Amino acid sequence: MFNWLQNFADWLIYSVFKIAAETHLGKALNFFIYDTLKILMLLFVIVFIMGIVNAYFPVDKLKNYLNKKKLYGLEHFFAAIFGAITPFCSCSSVPLFIGFVQGGIPLGVTFSFLITSPLVNEVAIAMFIGMFGLKATLMYVGSGIILGTIGGWFLGKLHLEPLLSDWVKKIMEHKMQQANYQEETQTFYQRLPEITRGAWYIVKSVLIYVIIGIAIGAAMHGYVPENFFSSFLGGGQWWTVPFAVLIAVPMYANAAGIVPVIQVFVAKGVPLGTAIAFMMGTVGLSIPEATLLKKVMTLKLIAIFFGVVTLCIIISGYLFNIIL
């Protein structure tokens, strides 16, 4: 879907600026141009669509239903499934997170999506089957969905809504006031200018966070060598799983991009569970993601979110090493 963007980034960096593709700078700049354009486009389109949904769909009724009905965790499971079938990396998932929170979806359910979405996607599944077999693939997919379901459920029980940023609270308040005064008889074309302005306002508000986050990820992508980490993780000692997750946090890549690196890790003697824990830490937790989330969460909420997900990934890494 985004091949034309990748071709544009290749043309701009390698042909216009004459920077060799094999250089660290070329890889970093190519990554930065491609991901910045892709995420900004996704951000605008997703927020625009959520604006249409908010204008026509009774989000308050859905919110009240999810809050009052006893679904016994199924709402978190469904959100995790939705996250698994959406082909987004961690930074690309943030726009949807904003849209869900803006639409009044319970925070725990939204977290279930945010946790699972970057961990599992169809491209990574196809690559996993070819590289590691069906058993490892099923465990990888299942663990990603379980992590999202349990992690979102637990975070929801903590009632963390007061720790959302003031910016999000103002947006939610504005949407409620707008809903009170908006005529139900307005046509789509009458509502379109307001929806477009709202989407553009959100894009402008998070633009600097997007650029900073992707710049950090681009630097990591271009300048951190693959064999830098594999040399520390091949011993199989008890501490290698938490160490793999902790060193993965500064990294930034999507699941499809990191799977070939994991194959190299395993080929060099890194246990598969440790390698998968590193992959999950890379795609599910990252400094760029935290930078983007800073716009919608307080630092305390980001720390709680990262802590819960980190613990879940470490536990799954140990289980992988025992079973596989």
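Modeller: Gladly. We start with a term: buried means under 20% relative accessible area, exposed means over 50%, and partly exposed lies in between, using a 1.4 Å probe and protein chains only. Helices (H or I, at least four residues) are DSSP runs numbered from the N terminus. In helix α12 (residues 240–248), Thr240, Val241, Pro242, Ala244, Val245, Ile247 and Ala248 are buried.

Biologist: How much of α12 is covered, then?

Modeller: Helix α12 is mostly covered, with seven of its nine residues buried. Before we go on, a word on the source: this is a predicted model, where local features need pLDDT of at least 70, side-chain atom pairs count only at pLDDT 80 or more, and totals for chains, interfaces and linings use all residues. Residues are numbered from 1 along each chain as its sequence is written, and side-chain values use heavy atoms, leaving out hydrogens and water.

Biologist: Which residues have the most contacts inside the largest nonpolar core?

Modeller: A nonpolar core is a set of buried Ala, Val, Leu, Ile, Met, Phe, Trp, Tyr and Cys residues joined through side-chain atoms within 4.5 Å. Here the largest has 66 residues, and Phe97, Phe111, Phe278, Leu293, Met297 and Phe305 have the most contacts inside it. Helix α16 (residues 299–323) gives the most to this core, with 10 residues. A second, separate core has six residues, including Ala79, Leu96, Ile105 and Phe113.

Biologist: At what angle do α6 and α16 pack?

Modeller: Two packed helices are described by the angle between their axes and the distance between the axes. The axes are lines fitted to C-alpha atoms over the stretch in contact, and angles run from 0 to 180 degrees between N-to-C directions. Helix α6 (residues 107–119) packs against α16 at about 60°, with the axes 12 Å apart.

Biologist: Which residues make that contact?

Modeller: Contact means heavy atoms within 4.5 Å. Phe111, Leu114 and Ile115 come from α6, while α16 brings Leu301, Phe305 and Val309.

Biologist: Is Thr137 buried or exposed?

Modeller: Thr137, found in helix α8 (residues 134–157), is buried, with a relative accessible area of 2%. Leaving aside residues up to four places away in sequence, Thr137 touches Ile125, Phe128 and Ile129.

Biologist: And how far apart in space are Tyr140 and Met280?

Modeller: They are 9.4 Å apart, C-alpha to C-alpha, and 140 residues apart in sequence. Tyr140 also lies in α8, and Tyr140 is buried, with a relative accessible area of 0%.

Methods: Helices (H or I, at least four residues) and strands (E, at least two) are DSSP runs, numbered from the N terminus.
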